[in-house]
Amino acid sequence: MSDTFQRTKAGLISISVIYISLAILYFTPAQIQCKLALPVGFLFFTSLWLLPWQMSLAMLFSCIGDYCGATHNFPGQMGAFALAHIAIICYFLSRYRVGIERKKYSRLSKLYIIVATVVTIPILAFAFIRIVPHVPAGFLTYGVSVYIVLIALMLWCAMQQRSLLFASGAMLFLVSDTVLAWNRFVEHIPNCGYIIMITYYLAQLLLFMRSTKWWGRQMKKE
């Protein structure tokens, strides 16, 4: 069994190296069609063997969102990532339910809820006060509003998982989307492309690595 874990661990390291290489490729002048979607597309392919189905589905929707972003289809991009966040939320809720059943999450539960709420409420307030009023009226306003609630809920659920990697991944995802929205609807941010994509790619890698079945088995062993 330990040999299997060691092989899987080595495989995850290889996946990380390939993923980071594809992410770096995005920042190069190489003319590759939809290269923005290649890193997460690679994660989705490997997730079919390594991740719970909810996270695999989240990777698929994220890849679709990346493709829409590469083709400048913002409504499609927002819709695909909204579905990705819903899938991640479903995974977090399922994982939390199992933790409750095993009495793993009984201690300090109220503290985690309070901290997560204190963190997410100002984020929601900031987004609805400083960003949403600048969004063009109509479909986009409603879409952006729903998306803000979903990503805030995803962060809130991530902070209930007793995992620094999950919380960090969710927070980086939120930072990436906040910078993107601010740059698109409020005012231009210098070098925003680097900020958006670096935080996004890191977020996806952290969420992927922490939700692998290998990591879950390791936690059970301990």
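The axes of helix α5, residues 109–131, and helix α6, residues 139–158, come within 9 Å and cross at roughly 160°. That makes α5 roughly antiparallel to α6. On the terms: angles under 35 degrees count as roughly parallel, over 145 as roughly antiparallel, 65 to 115 as roughly perpendicular, and the rest as oblique. Axes are lines fitted to C-alpha atoms, for helices over the stretch in contact, and the angles run from 0 to 180 degrees between N-to-C directions. Helices are DSSP runs of H or I with at least four residues, strands are E runs of at least two, and both are numbered from the N terminus.

Before going on, a word on the source. This is a predicted model, where local features need pLDDT of at least 70 and side-chain atom pairs count only at pLDDT 80 or more, while totals for chains, interfaces and linings use all residues. Residues are numbered from 1 along each chain as its sequence is written, and side-chain values use heavy atoms, with hydrogens and water left out.

Back to α5 and α6. Their crossing is right-handed. Right-handed means the near helix is turned clockwise from the far one by less than a right angle, and left-handed means anticlockwise. Which residues of α5 meet α6? From α5 they are Ile113, Ala116, Thr117, Val119, Thr120, Ile123, Leu124, Ala127 and Phe128. From α6 come Ser145, Ile148, Val149, Ala152, Leu155 and Trp156. Contact here means heavy atoms within 4.5 Å. By class, this α5 and α6 contact has 12 nonpolar residues, three polar and no charged. Nonpolar covers Ala, Val, Leu, Ile, Met, Phe, Trp, Tyr, Cys and Pro; charged covers Asp, Glu, Lys and Arg; the others, Gly among them, are polar.

Now the whole protein. It has nine helices and zero strands. Of its 222 residues, 45% are buried. Buried means under 20% relative accessible area, exposed means over 50%, and partly exposed is in between, with a 1.4 Å probe and protein chains only. Take the contacts with a separation of 6 or more: 71% of them join residues 24 or more positions apart.

Next, the core. A nonpolar core is a set of buried Ala, Val, Leu, Ile, Met, Phe, Trp, Tyr and Cys residues joined through side-chain atoms within 4.5 Å. The largest one has 59 residues. Which of them touch the most other members? Phe92, Met154, Phe173 and Phe208 do. The elements giving two or more residues to this core are α1 (2–26), α2 (38–50), α3 (53–70), α4 (74–101), α5, α6, α7 (164–186) and α8 (192–210). Look at Met154. Not counting residues up to four places away in sequence, Met154 touches His85, Ile88, Ile89, Phe92, Ala170 and Phe173.

On to α8, which packs against α2. The two axes are 11 Å apart, at an angle of about 5°. α2 and α8 are therefore roughly parallel to each other. In α2, Pro39, Val40, Leu43, Thr46, Ser47 and Leu50 meet Tyr200, Tyr201, Gln204, Leu205 and Phe208 in α8. That contact divides into eight nonpolar, three polar and no charged residues.

Stay with Ser47 of α2. Is Ser47 buried or exposed? Ser47 is buried, with a relative accessible area of 0%. Leaving aside neighbours within four places in sequence, Ser47 is in contact with Ser56, Met59 and Phe208.

α8 also meets α3. Their axes come within 11 Å and cross at roughly 165°. That makes α3 roughly antiparallel to α8. This crossing is left-handed. Met55, Met59, Ser62 and Asp66 of α3 make the contact with Tyr200, Gln204, Leu207 and Phe208 of α8. By class, that gives five nonpolar, two polar and one charged.

One more residue in α3: Phe61. Phe61 touches Ala80, Leu83 and Ala84, again not counting residues up to four places away. Phe61 and Gly41 are 20 residues apart in sequence, and 9.7 Å apart in space, C-alpha to C-alpha.

Last, two loop residues. His72 lies in the loop between α3 and α4. Its phi is near 60°, a positive value in a residue other than glycine. At 75% relative accessibility, His72 counts as exposed. Arg162 is in the loop between α6 and α7. Phi of Arg162 is also near 60°. At 24% relative accessibility, Arg162 counts as partly exposed.
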